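Hi everyone, thanks for making time.

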Amino acid sequence: PSLSQPVVLPLSSPSPSPSSKTTMSFKRFQSSDCSTSTPVKASVQRYLKSALCSSNPLLAPHIDLLIPKKPPLTAYKVTSFLTLYALNSEPVLFETRDGPVLPTLRFVHRYPSLFTSCRVDSGAIPFILGGANIMCPGLVNPGSELNEGYEVGQSVVVYAEGKEHAIAVGHLKMGAKEIKEVNKGMGCEVAHFIGDGLFETKSIE
């Protein structure tokens, strides 16, 4: 389908701190880290697609085309709390035990206008690509934007000033209102970013 441009928003880079480091395990991920693989049941696949569309409403009309019933997704267990889902061996989704269902960046880059998003300023780029989370000031400072309707747990695709493609995906640790009022601490937990092991894994053999 012909797609419009994504709703994208701009972040200011915080000074790195211990709490800014991402807790996800994809930085040095390799396909050999997957311990088991199983075909995803139809009921689980429906849940995954529903969860993804819940955070990304523009996906809903296209989800069955982008992730069809057949062939089914394959689930790869990365750790006891992290599962990766692949379509025809290509990673497309992942989820943690207590986290949202998130898309991989390569999947996002194919359909960029369908994902809920924010934008960081150019100063934040090296921190994010180094594995840092996004602090609240980066979502509040001049030059940034944050949709006031975003609630805690909202998954977001992160764009960067001057860059065409998304550089990361993650989810908000506070609602937009609280982020603006508190203006300190972690605003968005980055789960996956350009250059990490998952991004470099085009297929799982």
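Before we start, one cut-off: I'll call a residue buried under 20% relative accessible area, exposed over 50%, and partly exposed in between. And keep in mind that this is a predicted model.

With that cut-off, take S89, in the loop between β3 and β4. Its relative accessible area is 29%, so S89 counts as partly exposed. Most residues other than glycine have a negative phi.

N183 also has a positive phi, near 55 degrees, and N183 isn't a glycine either. You'll find N183 in the loop between α6 and β10, and N183 is partly exposed, at 30% relative accessible area.

Now a peptide bond to look at. K70 and P71 are joined by a cis bond, with omega at about -5 degrees. P71 sits in the loop between α2 and β2. As a rule, most peptide bonds are trans.

Next, helix α1, residues 42-55. At 1.5 Å a residue, its 14 residues should span 20 Å, and the end C-alpha atoms are 21 Å apart, which agrees. Which residues of α1 are buried? They're Q45, L48, K49, L52, C53 and S55. Looking down the axis of α1, those buried residues fall within an arc of 165 degrees, so they line one face of the helix. Over on the other side of α1, R46 and S54 are exposed.

And what covers the buried residues of α1? The cover includes helices α2 and α3, plus strands β3, β4, β5 and β8.

Key. Residues numbered from 1 in each chain as written. Predicted model: local features only at pLDDT ≥ 70, side-chain atom pairs only at ≥ 80, totals over all residues. Heavy atoms only, no water. Helix = DSSP H or I, 4+ residues; strand = E, 2+ residues; numbered from the N terminus. Expected span 1.5 Å × (residues − 1). Buried < 20%, exposed > 50% of the residue type's maximum accessible area, 1.4 Å probe, protein only. Arc of directions from axis to C-beta. Contact = heavy atoms within 4.5 Å.
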